[in-house]
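This briefing is intended to be read alongside the sequence and the model.

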Amino acid sequence: MVTLAEVAQHAGVSASTVSYVLSGKRSISAGTRQRVERSIQELGYHPNAGARALASSRSNIIALMVPLRTDMYVPVMMEIAIAVATHARAHGYDVLLLTGEEGPEAVRRVTGSGLADAMILMDVELDDERLPLLRQTDQPSVLIGLPADTSGLTCVDLDFGATGALCAEHLALLGHRDIAVIGEAPAVYERHTGFAERTLDGLRSHSRELGLRVLHRPCEGGYDAMALTLARILDERPGTTGFVVQNESAVEPLLALLRQQGRAVPEDVSVIAICPDQVATQASVRLTSVAIPAQEMGRLAVEHLIAKLEGHGKDEVVLIAPELTVRASTGPAPTAA
């Protein structure tokens, strides 16, 4: 194993200079720093994690809190988590993944134990119980999600309010007047999960401006649940010609049920999905969709967290503008409707 002394000899500097380059405790000239970093790379030197933590009072670990719930689409959550881990590693940080549903207790454990230098929280609720503890601690944190009150917090998210509005506008421009929103599982709304609530608020608000009638029905996903939900929608609003789906597990069952009923997509009904591009493009009908920018969300969260760790970050809300991609599932409303 390569030692710090060997790095110093290779770079032609003292061992203390190598230590200062690693810890950042003293200012080192750019030329010397580059020479040391080149030697570290060429020799394959890896500082001892325990010694580095003692010397710098840092663990070089970021805690990522991802409650993996059965009512959430786990592939999206994990794609964001992988993006966080990849970008954190590029900055010299490892990621500690916390997947339990401990809520505030997990925040207390991280802040009180020195397990990690900073935290990223996902699956954010409008009145998230973890937030008072975050505001009380000096430990840097970033939310991937948007609570009702963002004061004193740094938040990164897709602009789900604008996403809902964009879906309503697209259907309105195609002449649809009765639209149904097939949402996440009921438990997601019972928890007042931010992304689901904000999508619905944005869609309803813009629909009122556009003169659309909106019916929202949560759905567990899967064929049987989707069959009951679709029957209920068409019973209440038989003139429905536009669907907005914010539930990846309901996408393919909805398309199958519409085919069984003889409702052609997009000739009879139009369908927009809020989902990853992979889900939209691999569906039995290529779906018009607003993509979930998982990679961008993970990257931005890490960048803002690193800025805080380096002492020049600030509390702010960063919303990613939604992009709607038109594919084969949306078209003009049928004239008979």
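The points below are grouped by topic.

The model is predicted. The protein contains 14 helices and 12 strands, and its C-alpha trace extends over about 85 × 40 × 35 Å along the principal axes.

**Overall features**

- Of the 337 residues of the protein, 50% count as buried.
- Among contacts between residues at least 6 apart in sequence, 70% link residues at least 24 apart.

**The parallel sheet**

- An open sheet is formed by 6 strands in the order S2-S1-S3-S4-S5-S11, and its pairing is parallel.
- Its edge strands are S2 (94–98) and S11 (317–320), each of which pairs on one side only.
- From one strand to the next, the twist of this sheet averages 20 degrees.
- Within the sheet, strand S1 (residues 61–65) pairs with strand S3 (residues 118–121) in the parallel sense over 4 bridges.
- Ile62 is placed opposite Ala118 in S3.
- Helix H5 (residues 74–90) lies across S1, S2, S3 and strand S4 (141–144). The helix runs at about 155 degrees to S2.

**The mixed sheet**

- A further open sheet has 6 strands in the order S7-S6-S8-S9-S10-S12, with mixed pairing.
- Strand S10 (residues 288–290) pairs with S12 in the antiparallel sense over 2 bridges.
- Ser289 stands opposite Thr325 in S12.

**Helix H5 against helix H14**

- On the H5 side, the contact is made by Val76, Glu79, Ile80, Ala83, Val84, His87 and Ala88. On the H14 side, the residues are Ala294, Gln295, Met297, Gly298, Arg299 and Val302.
- By class, the residues of this contact divide into 8 nonpolar, 3 polar and 2 charged.

**Helix H8 against helix H10**

- The axes of helix H8 (160–173) and helix H10 (residues 194–210) come within 6 Å and cross at roughly 40 degrees.
- H8 and H10 are therefore oblique to each other, and the crossing is right-handed.
- H8 contributes Phe160, Gly161, Gly164, Ala165, Cys167, Ala168, Glu169 and Ala172 to the contact. H10 contributes Phe195, Arg198, Thr199, Gly202, Leu203, His206, Ser207 and Leu210.
- The contact of H8 with H10 comprises 8 nonpolar, 6 polar and 2 charged residues.

**Helix H11 against helix H12**

- Helix H11 (residues 223–236) and helix H12 (residues 248–260) have axes that come within 9 Å and cross at roughly 55 degrees.
- That angle makes H11 oblique to H12, and the crossing of the two helices is right-handed.
- Tyr223, Met226, Ala227 and Leu230 in H11 meet residues of H12, namely Ala250, Pro253, Leu254, Leu257, Leu258 and Gln260.
- The contact of H11 with H12 has 9 nonpolar residues, 1 polar residue and no charged residues.

- Gly175 is located in the loop between helix H8 (160–173) and strand S6 (178–183).
- Its relative accessible area is 37%, so Gly175 is partly exposed.
- The C-alpha atoms of Gly175 and Ala333 are separated by 5.2 Å, although the two residues are 158 apart along the chain.

Note on methods. Residues numbered from 1 in each chain as written. Predicted model: local features only at pLDDT ≥ 70, side-chain atom pairs only at ≥ 80, totals over all residues. Heavy atoms only, no water. Axes fitted to C-alpha atoms, helices over the stretch in contact; angles between N-to-C directions. Parallel < 35°, antiparallel > 145°, perpendicular 65-115°, else oblique. Left-handed = near helix turned anticlockwise from the far one by under 90°. Contact = heavy atoms within 4.5 Å. Nonpolar A, V, L, I, M, F, W, Y, C, P; charged D, E, K, R; others polar. Pairing = 2+ DSSP bridges. Buried < 20%, exposed > 50% of the residue type's maximum accessible area, 1.4 Å probe, protein only.
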